[in-house]
Amino acid sequence: MKKLFGVTLGILTAMGGFVDIGDIVANSLTGARFGMSLAWAVVLGVVGIVLFAEMAGRVATLSTRGVFDLVRERLGARVALLNLGASFFITFLTLIAELGGVALALQLLSDVNYVLWIPLVAFLAWLVIWHVRFEPMETVFGLLGLVLLVMAVALWKLSPDWSGLWHQASQPAVTSGEGHPTYFYYAIALFGAAMTPYEVFFFSSGAVEEKWTKSDLVLNKANVYIGFPLGGLLSLMLMALATIVLLPRSIGVDHLSQVALPTTMALGKVGLAAMIIGFFATTFGAALETALSCGYTVSQYFGWQWGKMVRPREAARFHLVVLCSIIVAVLVGVTGIDPIKVTEYSIVLSAAALPLTYFPILVVANDREYMGDKVNGWLANLLGSVFLVLLVVVALATIPLMIVTRAGS
Amino acid sequence: MSVDVGRTVWAGLHLMDRQIVDCDGFLAGKVDDLELEVPDGHDALPVVVAILSGPGALAGQIGGRLGRFIASVQQRLHPESDPGPATIPFGVVKRVEEHVEVSVPRHALQSNRAEEWARDVVIDKIPGAGHAPE
Amino acid sequence: MRRIAASALCLLAALLAGCVKTVSPARTFDAYEHKAKNTAEAVLSSVETARLTARLASRGDTFGPFTSVSISEAEEGAGHAQTIFESVQPPDRHADRLRDELSRLCTRAGDVLSDLRITARRGELDRLAERARPLRHIARRLDAFIREHE
């Protein structure tokens, strides 16, 4: 019974924790612009993150080492440093976006400008990282993120033309008035939002933090195989609501407030309150995850003691990196840079850097020295290899598409 | 000669870039480079005498302009005038597996100085730095 | 290594250049017309956002702060799009007419949006739907403009 409870809790946490500012923005934005015709990109991204997060979780559990530790060992100091540079930059960019997202959610509650909220939000995030144990931290924000399930009620209440939505999703076509480059640019944005590298750094380091052992591999599988797809479903709900309410009104998503409009229309104040709380919980949770990931990647590359499983003074450089990342993110955030724009750039650049993260994971997941008999099966390797080719294609296409479409405008 | 090459490759595969773990289970840096010595005698094999760890050693691995930059930063921040990379004598190495285990606590290692600096100068000044984890 | 670093820097510079919204000139009427259409779309999005928010607010379905934020964001968005469009040099006489037509529409939209923002900030949420009524006509005109210049 207790085991079942643990598994359920893990699944729910993974589900609520899946969504972050990147998913919120990318899914509403594309729904309002392309309807459901880009749903395939979300599905593809979810399959990818499931595949590689499971590998990363398994690798971390068996080797008790973080992903970046192994990246360094496999790629050598030079190449891994390049990889670290790119991964850290993108994770840091995502941290700015998430802090901005929390601030925007608070602005919707208070009508106080988001720029003023950013330092306070950042301080709170640091305080949680400093004081709260790993597991409750994860669980609280993951579960709180589940209020976004209110969108399911909203969808049902709006009683849309389900078969029409399904038709759009299952037989995708480029919306009239949009070019193919723009369509694929946003496909990449959705893909990048679902597969953001920090999720893997965080998930695998979390397995080490929670001291997972071989017997927890079931938990790993349950979290990833059930929790992540359910999280992906939340993403698709955002897309569907935007398709039903925003698209026919020619409303394009430039602000967080617009994302909340469909649910408000369906459920009034209750729906609006749930959405804002959901925004807050998911982005705050993700701010913690990205800030920690900044510390994880750097510390694991250099071999420093990292993690919240030891006292802060016993992982001094790790906490120093986390602290500095948060401080610099605040300095960038208070320049008044638009968090939604930062989000768009961070997810697209994530897509460009995906092979750097996922290639070493695939290699180590096949290493018998670490994995023993728990190496990848043939199916995982086949899918993993197919995905890796896809990731390389996406990475190569991203920057040209970004320039051609002028970042999707 | 071919034996020497084989030996070096072996060290490269099994030691380079591995995690160093101290006797209390704390992570204590990476194997950034190795110090080899060829003993006197004709067909003697080079022997690993020390593990080099920390930015001074890493700079050499990275090379180029960035490597020189890291080295110069390390030299400037170091209390000694011409420090050279931090060394861990191979004598304290207890086991070489997926990680390299040493038989001393990490504060006894030269390469741990930066960690102590971060702890003493920044982290310890923040209230709650010593609070128990889990 | 150096070459990689150099190309990474170039890439970063290109991206940063992309982030900064520069006003590129329109040399032909077609290019200008395209910009006009995009501007109309942006303003229409803001107008419709404000209309929907106003309707929901008057029904008692939103909170005061949310309503204020949503409407002032719409106002800012429309104003921003208009400013950028008006700073583009029209290439010929034909384009001048286009500019006048769209600018007038944008200005009217901006006036109503400002009025809505003021009403919302005063907390008179129940009056918003009524004050937003002129937006319906403006939205229809913007929509027609977009179709005409597609």
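1. Chain A averages a pLDDT of 91, and 100% of its residues score at least 70.

2. A word on conventions: residues are numbered from 1 along each chain as its sequence is written, while chains are lettered from A and ligands numbered from 1 in the order in which they are written. As this is a predicted model, local features need pLDDT of at least 70 and side-chain atom pairs count only at pLDDT 80 or more, whereas totals for chains, interfaces and linings use all residues.

3. Chain B has four helices and seven strands. Helices (H or I, at least four residues) and strands (E, at least two) are DSSP runs, numbered from the N terminus. Along the sequence their pattern is α-β-β-β-β-α-α-β-β-β-α.

4. Of the 134 residues in chain B, 30% are buried, meaning that 20 or more other C-beta atoms, placed from the backbone, lie within 10 Å of the residue's own. Contacts are pairs of residues whose C-beta atoms, placed from the backbone, lie within 7 Å. Among the contacts in chain B with a separation of 6 or more, 51% join residues 24 or more positions apart.

5. Do look at the open sheet in chain B: four strands in the order β2-β1-β7-β6, with mixed pairing. Because β2 and β6 (93-96) of chain B stand at the edges with a single partner strand each, one side of each is left without a neighbour in the sheet. Strands pair if DSSP finds at least two bridges between them; β1(B) and β2(B) do so in the antiparallel sense, over two bridges. Q19(B) has K30(B) in β2(B) as its bridge partner.

6. Next, where chains A and B meet: 27 residues of chain B are in contact with 29 residues of chain A. On the chain B side, β1 (19-21), β2 (27-30), α2 (55-62) and α4 (113-121) each supply at least two residues. The most come from α4(B), with four residues.

7. Finally, a residue of chain C: K35(C) is in helix α2 (residues 29-58) of chain C. Why does K35(C) count as buried? Because K35(C) has 23 C-beta neighbours inside 10 Å. Not counting residues up to four places away in sequence, K35(C) touches A26(C), F85(C) and V88(C).

Conventions: pLDDT = per-residue confidence, 0-100. Buried ≥ 20, exposed ≤ 12 C-beta atoms within 10 Å, placed from the backbone. Contact = placed C-beta atoms within 7 Å.
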